[in-house]
Amino acid sequence: MSIRTPLARARGLGSAKSGTRHWWLQRVTALALIPLAVWFIVGVVVLGAADHAAAVAWIGHPVSAVLLILAIGFGFWHGQLGLQVVIEDYVHGEGCRIALMLAMKGAALLLAVAGILSVLRVALGGAV
Amino acid sequence: MAADERPLSPHLEVYRPQLTSVLSIVHRGTGVALAAGMVLLVWWLLAAAAGPEAFAAVQWFNGSIVGRLLLLGFTFALCYHLCNGVRHLFWDAGYGFAIPDAYRSGWLVVAASALLTLLVWIVGYAVRGS
């Protein structure tokens, strides 16, 4: 039997075992992604089926490099928050849920770092 | 009936789909699809950083039938998730909760995301010239 009060047990514990931080961050990253997504769509459409030189020129441009890094960062941050909720909702076995959650978060981090490093490499002149 | 066998709400087999519930699950579906599509974006960036040969391989894939279908799906998922995401942000701010408003904004999202997808591809083909 616990001697903790019901309020102490409930405080800060939603179904995701944390308070409103997750919900709030999902909205903040969503807000940041609105202009970034619109800019990205326009940029890629204008780029069209560009050859390597044109794509490198666009990716490496100071403005688009910064916005691309932000889009990748916010995109994967927002995406892993969303996928976390999907896993919490549909995967019920605890071991399976923890394993899938770790794999998903790890994959998101890996892809985000790979994407950001590629942009940096192009922008800083490492790419031929 | 044992407690863990009782049907839970929403009992999807007998629950008539409505615009609001369909748009809600499509929002989640497009979110998952976009997360998967981010792999393609990272592949494109990695290839651009790796050099012309690797980049040509990605561009060949993007230009193939499968690639184009994936990109079309990605475009629609992005447009839909963006439009419906804005709808959700309005709800979060406390606006548009009345049933007629939810339906109006819902149909607006359907029309806007279809039109935006079409616009992106028409402009895309015009720029590309083929």
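## Aromatic pairs

Over all chains, the count comes to eight aromatic pairs, where rings of Phe, Tyr and Trp (its six-membered ring) pair if their centres lie within 6.5 Å, and planes under 30 degrees apart count as stacked, over 60 as edge-to-face and the rest as tilted. One of these is the tilted pair of Trp44(B) and Phe55(B), with 5.9 Å centre to centre and 50° between the planes. Trp44(B) lies in helix 1 of chain B and Phe55(B) in helix 2 of chain B, so the pair ties together parts that are eleven residues apart in sequence. Helices are DSSP runs (H or I, at least four residues), numbered from the N terminus.

Trp44(B) is buried at a relative accessible area of 9%, and Phe55(B) is buried at 1%; buried means under 20% relative accessible area, exposed over 50%, and partly exposed in between (1.4 Å probe, protein chains only). Trp39(A), Trp58(A), Trp44(B) and Phe55(B) form one aromatic cluster.

## Basis of the model

This is a predicted model in which local features need pLDDT of at least 70 and side-chain atom pairs count only at pLDDT 80 or more, while totals for chains, interfaces and linings use all residues. Residues are numbered from 1 along each chain as its sequence is written, chains are lettered from A and ligands numbered from 1 in the order in which they are written, and side-chain values use heavy atoms, with hydrogens and water left out.

## Helix crossing between the chains

The axes of helix 3 of chain A and helix 1 of chain B come within 10 Å and cross at roughly 105°; axes are lines fitted to C-alpha atoms, for helices over the stretch in contact, and angles run from 0 to 180 degrees between N-to-C directions. The two helices are therefore roughly perpendicular to each other, as angles of 65 to 115 degrees count as such, those under 35 as roughly parallel, over 145 as roughly antiparallel and the rest as oblique.

Contact means heavy atoms within 4.5 Å. Residues making this contact include His52(A), Trp58(A) and Ile59(A) of helix 3 of chain A, and Trp44(B) and Leu45(B) of helix 1 of chain B.
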